[in-house]
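This report goes through one protein chain, from single residues to the spaces between them. Keep the sequence and the 3D view open while reading.

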Amino acid sequence: MQKPLLALAACGLLLPAAQAQTERGAKLLGVSVGNLSYSRTKYSGSAFSAALHPTAAYFLADNLALGAGLNLSYGRQRSNGAQYYREFGYGLAPFVRYYLPGSSRHRVFGEVGADVGRTHYRGLDYRPVIGPGTWDYYTRSAGTFGYHGTLGYNFFLTPNAALEASAGYYRVAHDPIFNPRHVVDVRLGFSVLLPASGSN
């Protein structure tokens, strides 16, 4: 009988703490990984992509945070003997995040924001001409602008640290090289929430 009571008491100590981490004046630091993919086929080569997203935010009110993140991305595609393509992107993503009120270790949030960045491309393409074909290197650089809406989930391992998972819709509204893109991006990460000054 004592063990269940002790477990319940321990949970009771953790739950209010999880709520306190999203109160006014608290701070959020996090990092997540998204757009992670790898594919390989016998004839068409291989493709790899990954993105890293460090974030920081400040709670202007209980459960409501204003922040910004960095978007760092890398992609590569090889086609056997025909093409090579590589891109590197970076940018800034200001956002507003709202946590649904609650006092458990499971917290759900919604987020909206903008995405401003720049992407650099480098490729090697085989271009047949009259007579022998030639290999042609090309480099390009483009600014991008878009927006996103995301639903996410935090599981608090401790009162100050949480695992994070999110799925969002991202749209590149302006890209002078590619057509507008619509992307559903799933991200996994880790967050640290620092309590407001003077909080226990």
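Arginine 86 has a relative accessible area of 33%, so the residue counts as partly exposed. The model in which this value was computed is a predicted one. Arginine 86 belongs to strand S4. When neighbours within four places in sequence are left aside, arginine 86 is in contact with Tyr74, Gly75, Arg76, His120, Tyr121 and Arg122. In sequence, arginine 86 and glycine 123 are 37 residues apart, yet their C-alpha atoms are 6.2 Å apart in space.

## Two further residues

Arginine 118 is a residue of strand S5. With a relative accessible area of 35%, arginine 118 is partly exposed. Not counting residues up to four places away in sequence, arginine 118 touches Phe88, Gly89, Tyr90, Ser141, Ala142, Gly143 and Thr144.

Is serine 46 buried or exposed? Serine 46 has 8% relative accessibility, and the cut-off for buried is under 20%, so serine 46 counts as buried. Serine 46 is found in strand S2. Apart from residues up to four places away in sequence, serine 46 touches Tyr38, Ser39, Arg40, Arg76, Gln77 and Arg78.

The table puts the accessibility values side by side.

| Residue | Relative accessible area | Class |
|---|---|---|
| Serine 46 | 8% | buried |
| Arginine 86 | 33% | partly exposed |
| Phenylalanine 88 | 40% | partly exposed |
| Tyrosine 90 | 37% | partly exposed |
| Arginine 118 | 35% | partly exposed |

## The chain as a whole

How many helices and strands are there in the protein chain? The protein chain has one helix and eight strands. Read from the N terminus on, the order of the elements is α-β-β-β-β-β-β-β-β.

The protein chain has 200 residues, and 32% of them count as buried. Its accessible surface comes to about 11800 Å², and carbon and sulfur atoms account for 65% of this area. Among the contacts with a separation of 6 or more, 59% are between residues 24 or more positions apart.

## Aromatic rings

Rings of Phe, Tyr and Trp are paired here if their centres lie within 6.5 Å. By this rule there are four aromatic pairs. One of them is formed by phenylalanine 59 and tyrosine 99, with 6.0 Å centre to centre and 35° between the planes, which makes the pair a tilted one. This pair links distant parts of the chain: phenylalanine 59 is in strand S2 (residues 45-61) and tyrosine 99 is in strand S4 (residues 83-99), 40 residues apart. Both phenylalanine 59 and tyrosine 99 are buried.

Why is the pair of phenylalanine 88 and tyrosine 90 called tilted? The ring centres of phenylalanine 88 and tyrosine 90 are 6.0 Å apart and their planes meet at 40°; planes under 30 degrees apart would count as stacked and those over 60 as edge-to-face, so this pair is tilted. Phenylalanine 88 is partly exposed, at 40% relative accessibility, and tyrosine 90 is partly exposed at 37%.

Ring pairs also join Phe59, Tyr99 and Phe109 into a cluster. Over the ring of phenylalanine 109 sits the charged end of arginine 97, 3.9 Å from the ring centre.

## Pocket and cavities

Rolling a probe the size of a water molecule over the atoms shows where empty space is left. The largest pocket has a volume of about 820 Å³. It is lined by 35 residues, and those closest to its centre are Asn35, Ser73, Glu87, Val172 and Arg181. At least two lining residues each come from S2, strand S3 (64-79), S4, strand S5 (106-127), strand S6 (134-158), strand S7 (161-174) and strand S8 (181-194).

The structure also holds two cavities of 30 Å³ or more. The largest cavity has a volume of about 220 Å³. Which residues are the closest to the centre of the largest cavity? Of its 26 lining residues, they are Ser32, Thr55, Arg97, Glu111 and Arg187. Strand S1 (27-41), S2, S3, S4, S5, S6, S7 and S8 each give two or more residues to the lining of the largest cavity. Arg97, one of the residues closest to the centre of this cavity, is also the residue whose charged end sits over the ring of phenylalanine 109.

Note on methods. Residues are numbered from 1 along each chain as its sequence is written. This is a predicted model: local features need pLDDT of at least 70, side-chain atom pairs count only at pLDDT 80 or more; totals for chains, interfaces and linings use all residues. Side-chain values use heavy atoms; hydrogens and water are left out. Helices (H or I, at least four residues) and strands (E, at least two) are DSSP runs, numbered from the N terminus. Buried means under 20% relative accessible area, exposed over 50%, partly exposed in between (1.4 Å probe, protein chains only). A charge sits over a ring if NZ of Lys or CZ of Arg is within 6 Å of the ring centre and within 35 degrees of the ring normal. Contact means heavy atoms within 4.5 Å. Accessible areas come from the Shrake-Rupley method with a 1.4 Å probe; for residues, only the protein chains shown count as cover. On a 1 Å grid over the protein atoms alone, a cavity is a set of points where a 1.4 Å probe fits but cannot get out, and a pocket is an open set with protein on both sides within 12 Å along at least five of seven lines; lining residues have an atom within 4 Å of a point. Grid points are joined across faces, edges and corners, and a volume is the space filled by probe spheres set on the points.
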